[in-house]
Amino acid sequence: MNLSEEGRALLKSLECAGGQPNLVPYKDSGGVWTWGFGHACGPHESIPKSITPEQAESILAYDVSCATHDANGLIQFGSVPQNVFDALVLFIYNVGIFALRKPPHRTMDAIQARNWLLAANRIRAWCHDKDPKTGKMVEVQGLKNRREREIRLLLIGQYT
């Protein structure tokens with residue numbers, strides 16, 4: 001399956017105010033260098049001084065393809081409704097498949113079992129980030145809001 005155009009538009013709006021990319025890198029709530037449409041700096045990546053809108057779209061396309069691949073891997077057999085798939089891609093785009101695979105696998109297990117109510121409850125818990133000053137995990141209102149949007153998409157297909 002692939003991310004729908006509605007899902008892509010929602011992803012852009014969740015990652016950036018007004019759906020416009022951040023052309024100048026900034027540190028996110030966890031202190032990670034980020035640019036474009038929520039692209040987190042990888043371990044072997046240089047932090048650019050700035051990027052163009054075209055570069056932001058190109059990076060987004062690559063990051064979406066990775067999240068799409070990972071979502072397809074989680075639902076391995078058969079298909080799911082488009083809204084469910086889109087919600088999974090948006091969630092994976094934000095948290096990353098490696099974080100999702102860390103034991104215990106309760107969220108991943110609920111997704112693979114296609115128990116969407118349980119998955120929604122597990123997804124709701126992913127609203128914390130490491131405070132760069134204290135190193136402690138803290139609840140982030142923006143992540144809490146995002147999880148609720150993803151859950152509405154997952155359970156009732158609400159894109160707006």
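I looked up contacts first (heavy atoms within 4.5 Å). Of the contacts in the protein with a separation of 6 or more, 56% join residues 24 or more positions apart.

I noted the source: this is a predicted model, where local features need pLDDT of at least 70, side-chain atom pairs count only at pLDDT 80 or more, and totals for chains, interfaces and linings use all residues. Residues are numbered from 1 along each chain as its sequence is written, and side-chain values use heavy atoms, with hydrogens and water left out.

Next I listed the elements. I found seven helices and five strands. Both are DSSP runs, numbered from the N terminus: helices are H or I with at least four residues, strands E with at least two. The order from the N terminus is α-β-β-β-α-α-α-α-α-β-β-α. The radius of gyration is 15 Å, close to the 15 Å of the globule rule for 160 residues, so the protein is as compact as a globular protein of that length. That radius is taken over C-alpha atoms, and the rule is 2.2 Å times the number of residues to the power 0.38.

Then I turned to the sheet. Three strands make an open, antiparallel sheet in the order β1-β2-β3. Its edge strands, β1 (22-27) and β3 (39-40), each pair on one side only. Two strands pair if DSSP finds at least two bridges between them. β2 (residues 33-36) and β3 are joined in the antiparallel sense over two bridges. I found T34 opposite A40 in β3.
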